[in-house]
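Dear colleague,

Please find below the structure that I am handing over to you, together with its sequence.

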Amino acid sequence: MRKYKGCSKLVVKPGSTQDVSKVLRYCNENSLAVVPQGGNSGLVGGSVPVYDEIVISMSRMNRIRSFDGTSGIMVVDAGCILEVADKFLAEKNHIFPLDLGAKGSCQIGGNVATNAGGLRLLRYGSLHGNVLGIEAVLPDGTVMDDLSTLRKNNTGYDIKQLFIGGEGTIGIITGVSILCPQRSKARNVALFGLESFEKAQQAFRVAKSQLAEILSAFELMDEQGQSMVEFVNQRTRPLDSRYPFYCLIETSGSNPEHDSEKLEAFLEHVMSEDIVSDGVLAQDETQMQSLWSWREGISECVGHWGGVYKYDLSIPLPELYNLVEDTRERLTSAGLVGDGDTFPVVGVVGFGHMGDSNLHLNVATRRYDKEVEQLLEPFVYEWIAGRNGSVSAEHGLGLAKKAYVGYSRSDTMIRLMQQIKTLYDPNGIMNPYKYI
Ligand SMILES: O=C(O)CC[C@@H](O)C(=O)O
Ligand SMILES: [Zn+2]
């Protein structure tokens, strides 16, 4: 996205928790600010050094420490790449409970520090539930060893939760223990086109009741986003016609025949009821990946023209797509959207994890433009606050939303967050200048 440019004279790459501890102790004693960095795949600038902070890269701490096949609990170093862990688990008939487009480069420590949501949350829940234990180094070098593998542990405040989504502001995660589900025997993917967002909601309702326990993803794409993927990747569309909306659903269950019958029955039902206009069911793994690529490709393809204003928002479902329409209308009526170099905006795209009410609003531009930015912010955040949504559903706050946390959190909660920050990091060395 190239929006945030970091600036640092020093990158340190610790090889162990003890190394991290020594580095932090030294930095704390000498008031040197640090930025923990995982795979650097975040979208809100959370791992970017703003002035001259020392980057602490976790890439050398990349081991899988242990896996227990009976409980499904895995313990990894923070710098372990998500895809490496998932491939390891595949051999053991398990999966990592989190999956996202950047899996080939993002690191588990970063995923946990940002409480990444991703494509499987609908089925497996958030990291707040799946992470069982954390090993972290506090700013003064103390190692907080809470690498529990217990599923139940009701012994007072659950401190590790502060590190999940804490964005490296109170300490550095060095190890994670996580509950990994059994890999499903059957996986199916279908993509379908719909005439309206109202119909997409109806399809979701039917999917939840008919596919129930096997539904593992319900994703939304709009035509603007799909036409960008088609243009940038030069691909032939999976459906013969174009529709204003598309949904991708995935099922993961234990019985291949039962699951495909269920999905076929679902498709038949929604098509005969005129909820869905057309649909395709992947016949093999290659086709499943191909259908997923129409969804996963959007994030990158929207950046093809130069810049993207990205918003990651939680919105009550019935209102979810209204924001895209309102934003499109706002920028269009200001004369900023169109073909040709004179228009800064190429298109306004909405997509996301519909099953989690999580919208990704992306405004694709030819350049970063003050007028566009002023029309977008604080408009988008005010719009969200007016609907009791969240200004960050799954990407975190980082630098991008530093000024906007108040749209989703009360003064009391912000004060408590500041007090927690001061308690853990009295010298303010941990990932400063970010949201807190
Ligand atoms: O680029 C975005 O706005 C979203 C990225 C990611 O969270 C996704 O769901 O594809
Ligand atoms: Zn997402």
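**Overall architecture**

The protein has 15 helices and 15 strands. Its radius of gyration is 22 Å, close to the 22 Å that the globule rule gives for 436 residues, so the protein is as compact as a globular protein of that length. Please bear in mind that this is a predicted model. Taken along the principal axes, the box filled by the C-alpha atoms is roughly 65 × 55 × 40 Å. Of the 436 residues, 48% count as buried. Among contacts with a separation of 6 or more, 74% are between residues 24 or more positions apart.

**Domains**

The chain is divided into four parts: domain 1 (11–58), domain 2 (64–179), domain 3 (186–296) and domain 4 (299–412). Between domain 2 and domain 4, the C-alpha centres are 29 Å apart. Nine residues from domain 2 and eleven residues from domain 4 take part in the contact. On the domain 2 side, the residues that touch domain 4 comprise four nonpolar, four polar and one charged.

**Nonpolar cores**

The largest nonpolar core has 70 residues, and C247 and L248 touch the most other members. Another core, of 45 residues, lies apart from it and includes V23, A78, I173 and V176. Beyond its neighbours within four places in sequence, L248 is in contact with V189, L191, A217, E219, L291, W292 and R295.

Which residues are around ligand 1? They are L43, G101, S299, K310, D312, H360 and N362. By class, this shell holds one nonpolar, four polar and two charged residues. Two strands, β13 (307–314) and β15 (358–365), each supply at least two residues of the shell.

**Residue N233**

I would also draw your attention to one individual position. N233 is located in helix α8, which spans residues 223–233. Is N233 buried or partly exposed? N233 has 13 C-beta neighbours inside 10 Å and therefore counts as partly exposed; a residue would need 20 or more to be buried. Not counting residues up to four places away in sequence, N233 touches G297 and C301. N233 and C301 are 68 residues apart along the chain, while their C-alpha atoms are separated by 7.8 Å.

With kind regards

Key:
Residues are numbered from 1 along each chain as its sequence is written. Chains are lettered from A and ligands numbered from 1 in the order in which they are written. This is a predicted model: local features need pLDDT of at least 70, side-chain atom pairs count only at pLDDT 80 or more; totals for chains, interfaces and linings use all residues. A residue is near a molecule or strand if its C-beta atom, placed from the backbone, lies within 6 Å of it. Helices (H or I, at least four residues) and strands (E, at least two) are DSSP runs, numbered from the N terminus. Ala, Val, Leu, Ile, Met, Phe, Trp, Tyr, Cys and Pro count as nonpolar, Asp, Glu, Lys and Arg as charged, and the others, Gly among them, as polar. A nonpolar core is a set of buried Ala, Val, Leu, Ile, Met, Phe, Trp, Tyr and Cys residues joined through C-beta atoms within 7 Å. A residue is buried if 20 or more other C-beta atoms lie within 10 Å of its own, exposed if 12 or fewer, and partly exposed in between; C-beta atoms are placed from the backbone. Two residues are in contact if their C-beta atoms, placed from the backbone, lie within 7 Å. The radius of gyration is taken over C-alpha atoms; the globule rule is 2.2 Å times the number of residues to the power 0.38. Domain bounds come from an automatic or database domain assignment.
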